[in-house]
Amino acid sequence: MASHEQYYVPAQSKWPIIATLGLLITVYGLGTWFNDMKAGRPESSGPLIFFVGGLLVAYMLFGWFGTVIKESRSGMYSGQMDRSFRWGMSWFIFSEVMFFAAFFGVLFYVRTWAGPWLGGEGDKGIANMLWPGFEYSWPLLNNPDSKLFPAPSAVIDPWHLPLLNTVLLVSSSFTLTFAHHALRKNHRTPLKLWLALTVLLGAAFLAFQAIEYVEAYEELGLTLGSGIYGATFFMLTGFHGAHVTLGAIMLTVMLIRILRGHFTPDQHFGFEAAAWYWHFVDVVWLGLFTFVYVL
Amino acid sequence: MSAVIDTDHKGHGHAGDDHHHGPAKGLMRWVLTTNHKDIGTMYLWFSFAMFLLGGSMAMVIRAELFQPGLQIVQPEFFNQMTTMHGLIMVFGAVMPAFVGLANWMIPLMIGAPDMALPRMNNFSFWLLPAAFGLLVSTLFTAGGGPNFGWTFYAPLSTTYAPESVTFFIFAIHLMGISSIMGAINVVATILNLRAPGMTLMKMPLFVWTWLITAFLLIAVMPVLAGCVTMMLMDIHFGTSFFSAAGGGDPVLFQHVFWFFGHPEVYIMILPAFGAVSSIIPAFARKPLFGYTSMVYATASIAFLSFIVWAHHMFTVGIPLTGELFFMYATLLIAVPTGVKVFNWASTMWRGSMTFETPMLFAVAFVILFTIGGFSGLMLAIAPADFQYHDTYFVVAHFHYVLVPGAIFGIFASAYFWLPKWTGHMYDETLGKLHFWMSFIGMNMAFFPMHFVGLAGMPRRIPDYNMMFANFNMVSSIGAFMFGATQLLFLFIVIKCIRGGKPAAAKPWDGADGLEWTVPSPAPYHTFQTPPEVK
């Protein structure tokens, strides 16, 4: 706590209120859209409202982060400010860990308790009386009520695309670390190459995941509506994919900033924050690969 | 050298008259502000507005329950009232009040110039009116507002929910984003902005309890987000998380919800523990007894809060092992809580006590919260809970921990720090009147609920058996009294803002802490030069 002399307290800012309005309009649009879809109302204003809200959020992100970058580059931030950002990012990532923990918890609960009980095993095996013919197995290739929730014919083979994706994502963590080392040594060309390679690996991962989703939907009948296996599969891999997308966007922004000559070997927290996020996404994938695909 | 306070948001480091500039003028001061005191004030006013709105809904509930039979509202509307009352009080009144107190007091208590991330602070606040605007507006839509209880159990909140559930889900998302950002800000402020010499174990307990509360918030709000997201998927995208027909489980909803929900109840009480731990020493004129044990007790309560959630679900059919584990783990919470109550009582022991309004609320807090704790112990005993579950006994229990617990804690804090905020003393006579009316009204409203609950009156039902009529009438009269009294509080606060006896920098002779070293009212910017803490 030595560097108290300078703490930058920004004056008024328009970005928070724009962010609030943007998010409010976005979710109002989404909600309207979803409700109209469910009720079968053909002409919904939802998508348009959602789009407007999304634009506002995008404008806010550019503006707010732009302001922070400008302030940072004009030297307004002290070491203490830097630590505030570090605490902020660390706890944000922790909150993301808990978000995924909720879905992993669901997966483990279903596989350890709810599923076997429905199949007639264990402490609450009496639940089998609901669908007396139901036999539990994982992956769930027959659902208790197969009319409401038609089961998939098969599930994704972990040793093809998912394995490839594991290799891609783990390698991308390494390439990112190489980029970081290059940044620390101020080797700008290797930095750019390694970082660009990281983004490419992320993009390849997403492309393969898209292929996998198409295969699941069109060939295997594995969908969101195909029972709890499909639900947990798409929830976990889907949110993970969304986070890879976000992480790749963050790294792309960092790449653009590096191309414009931002960051020094000592001061590059923006880069580090994106890197932390990327490693977090990578670790989540290892959990997914183990518990969703393999086991 | 003082902190850099930039007067121009385009940001080209003005060095000129930064140090003395006050608040901007007009409405935009509040919309665009990054000042922790402005944001704290907005949180507190928002919270009070929500307290009155949620309170009005409680008045509708108590009016309907004044007599058996259906008098005033339809059952459908009654359900919306109980649901919205709970949601608004939990997420709109109690939580924002504590965030408001945190915003105002944590920088003052640790000698920081502001919160660590001031713009995000403003974002956290403004998300709340947006979220509640969205939520409350659903009451006026065709299908009606959420009607599945504030715990929104599936499948009532999925398969059988009104259309407004979609907006309810998104409103919860916005509140969650707000809470997580608010909590991150508190953690970053406490860990990074303490004045030189303010070591962790010198921090006022309010700061400690908030640090731990913030940790709880960051840990469980994302789980709530996951929970409502699964609802959204079940409702709109055909997933079967909470439907056994697809291999899911409605009980799973309750597990996920209460994994959030149980830490949530500590989120609503820990900051009150902290505030009371500042107030009781001030009016007993003795240092807090057992500071270190208070810190460890708070941490223990927070840890235990993660492993007790299924005590809300003893009757849904969980395995016997689960019942036993969650019963014993829950009973364990009595130990650190007992440490706290013991410490507060010991602080008062042989103190030179005076009973100004903050102290009255704080003493009532200790006694009445303990009653709520005891009924909690009764509910924690799994076999007994089979009798109490979903009765008014549960309603009595959690209203005893929330009203004279959380809300009295907030009132005590408000009276304690109003002189610092406004520069005026509040009207002591009216304050005492507010206390006694609240105290009597609240006990009259909630104490009889123990009796009707033990006799089997179910909660969330607009009509009831004749045998419960007398106690319900007493409850309703007490509730009306408590409700009306809060308008007196509004009057007291406005009166205090507009004038009154000027407050000294330290209006309470027994008070201790950095917040009393700055003038009253606290200047717009404080501790631009960090104080040295011995």
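User: Hi! Before we start, what makes a helix crossing left-handed?

Analyst: Hello! A crossing is left-handed if the near helix is turned anticlockwise from the far one by less than a right angle. Keep in mind that we are looking at a predicted model.

User: Thanks! So which way does helix 9 of chain B cross helix 11 of chain B?

Analyst: Helix 9 of chain B passes helix 11 of chain B in a left-handed crossing. Helix 9 covers residues 291-305 and helix 11 covers residues 334-348, and their axes are 8 Å apart at an angle of about 150 degrees.

User: What does that angle say about their directions?

Analyst: Angles over 145 degrees count as roughly antiparallel, so helix 9 and helix 11 of chain B are roughly antiparallel to each other.

User: Which residues meet there?

Analyst: From helix 9 of chain B you have B:S293, B:M294, B:A297, B:S300 and B:I301, and they meet B:P336, B:T337, B:V339, B:K340 and B:N343 of helix 11 of chain B. That contact divides into five nonpolar residues, four polar and one charged.

User: Okay, another pair. How do helix 3 and helix 14 of chain B cross?

Analyst: Helix 3 (residues 75-110) and helix 14 (residues 392-422) of chain B have axes that come within 11 Å and cross at roughly 30 degrees. That makes helix 3 of chain B roughly parallel to helix 14 of chain B. Their crossing is left-handed.

User: And what kinds of residues are in that contact?

Analyst: Eleven are nonpolar, one is polar and none is charged. Among them, B:W104 belongs to helix 3 of chain B, while B:W417 and B:W421 belong to helix 14 of chain B.

User: What does UniProt list for residues 30-534 of chain B?

Analyst: An unreviewed UniProt entry lists "domain: Cytochrome oxidase subunit I profile" there.

User: Now chain A! Where does UniProt put transmembrane regions?

Analyst: The unreviewed entry lists several in chain A, including residues 90-110 and 276-294. Residues 90-110 of chain A are 100% helix, with end C-alpha atoms 30 Å apart. Residues 276-294 of chain A are also 100% helix, and their end C-alpha atoms lie 26 Å apart.

User: Last one: how many residues do chain A and chain B put into their contact?

Analyst: Chain A gives 68 residues and chain B gives 67. On the side of chain A, helix 3 gives the most, with 21 residues. That side divides into 40 nonpolar, 18 polar and ten charged residues.

How values were computed:
Residues are numbered from 1 along each chain as its sequence is written. Chains are lettered from A and ligands numbered from 1 in the order in which they are written. This is a predicted model: local features need pLDDT of at least 70, side-chain atom pairs count only at pLDDT 80 or more; totals for chains, interfaces and linings use all residues. Axes are lines fitted to C-alpha atoms, for helices over the stretch in contact, and angles run from 0 to 180 degrees between N-to-C directions. Helices (H or I, at least four residues) and strands (E, at least two) are DSSP runs, numbered from the N terminus. Angles under 35 degrees count as roughly parallel, over 145 as roughly antiparallel, 65 to 115 as roughly perpendicular and the rest as oblique. Two residues are in contact if their C-beta atoms, placed from the backbone, lie within 7 Å. Ala, Val, Leu, Ile, Met, Phe, Trp, Tyr, Cys and Pro count as nonpolar, Asp, Glu, Lys and Arg as charged, and the others, Gly among them, as polar. UniProt positions are given in the numbering used here, feature names are shortened, and annotations may be inferred rather than shown by experiment.
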